[in-house]
Amino acid sequence: MLVITRRESEEVVIGDPNNPIGVVRVAGVKGDRVRLAFEFPREIQVHRREVAEQILEERPSVVGAIKPAKSNA
């Protein structure tokens, strides 16, 4: 795990600096609360941990079913 310190409005670039996957910015700090802004392409999913766990719990364990072949008899 990488732990870094950033001040308000400072950013962290994710991926290659020439062509980053995304950017995380400290949008604000108020007391013990930190607001983060995530700038990623729409096709990259970004979730809070509790939402990610909910998605995993709700996802069916079997995506599809194998159907028997039709018999020509």
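1. A residue is called buried here when its relative accessible area is under 20%, exposed when it is over 50%, and partly exposed in between, with a 1.4 Å probe and protein chains only. By that reading, buried residues make up 7% of the 73 residues in the protein. The model is a predicted one, in which local features need pLDDT of at least 70 and side-chain atom pairs count only at pLDDT 80 or more, while totals for chains, interfaces and linings use all residues. Residues are numbered from 1 along each chain as its sequence is written, and side-chain values use heavy atoms, with hydrogens and water left out.

2. On the overall layout, the secondary structure comes to one helix and three strands, and these follow the pattern β-β-β-α when read along the sequence. Helices (H or I, at least four residues) and strands (E, at least two) are DSSP runs, numbered from the N terminus. Taking contact to mean heavy atoms within 4.5 Å, one finds that, among contacts between residues at least 6 apart in sequence, 2% join residues at least 24 apart.

3. The three strands form an open sheet in the order β1-β2-β3, with antiparallel pairing, where two strands pair if DSSP finds at least two bridges between them. Because β1 and β3 stand at the edges, each with a single partner strand, one side of each is left without a neighbour in the sheet. From one strand to the next the twist averages 20 degrees, an angle taken between axes that are lines fitted to C-alpha atoms, for helices over the stretch in contact, with angles running from 0 to 180 degrees between N-to-C directions.

4. Looking at the two pairings in turn, β1 and β2 are joined in the antiparallel sense over four bridges, and within this pairing Val 12 has Val 24 in β2 as its bridge partner. The antiparallel pairing of β2 with strand β3 (residues 33-39) runs over seven bridges, and here Lys 30 has Arg 33 in β3 as its bridge partner. The hairpin of β2 and β3 has two residues between the strands, and in it Gly 31 takes a positive phi near 65 degrees.

5. The charged side chains deserve a separate point. A salt bridge is counted where a side-chain nitrogen of Lys or Arg lies within 4 Å of a carboxyl oxygen of Asp or Glu, and by this rule the count comes to four salt bridges. One of them joins the side chains of Glu 10 and Arg 6, at 3.7 Å from N to O; Glu 10 is partly exposed at 26% relative accessibility, and Arg 6 is likewise partly exposed, at 39%.

6. Another salt bridge brings together the side chains of Arg 25 and Glu 11, at 2.8 Å from N to O. This pair links distant parts of the chain, since Arg 25 lies in strand β2 (residues 22-30) and Glu 11 in strand β1 (residues 11-14), 14 residues apart. Arg 25 is partly exposed, with a relative accessible area of 27%, and Glu 11 is partly exposed as well, with 37%.

7. Arg 48 and Glu 50 also form a salt bridge, their closest N and O atoms being 2.7 Å apart. Arg 48 counts as exposed at 55% relative accessibility, whereas Glu 50, at 45%, counts as partly exposed. Elsewhere, salt bridges that share partners join Glu 11, Arg 25 and Glu 39 into one network.

8. Glu 39, a member of that network, lies in strand β3 and is partly exposed at 48% relative accessibility. Leaving aside residues up to four places away in sequence, Glu 39 touches Ile 21, Gly 22, Val 23 and Arg 25. The C-alpha atoms of Glu 39 and Val 24 are separated by 6.3 Å, although these residues are 15 residues apart along the chain.

9. Ile 14, Ile 21, Val 29, Val 34, Leu 36, Phe 38, Ile 44 and Val 46 form a nonpolar surface patch with about 660 Å² of accessible area together. Patches are made of residues with over 30% relative accessible area and no salt bridge, like charges being joined within 9 Å and nonpolar side chains (Val, Leu, Ile, Met, Phe, Trp, Tyr) within 5 Å. Strand β3 gives the most to this patch, with three residues. Leu 36 is found in β3 and is partly exposed, with a relative accessible area of 46%.

Key. Accessible areas come from the Shrake-Rupley method with a 1.4 Å probe; for residues, only the protein chains shown count as cover.
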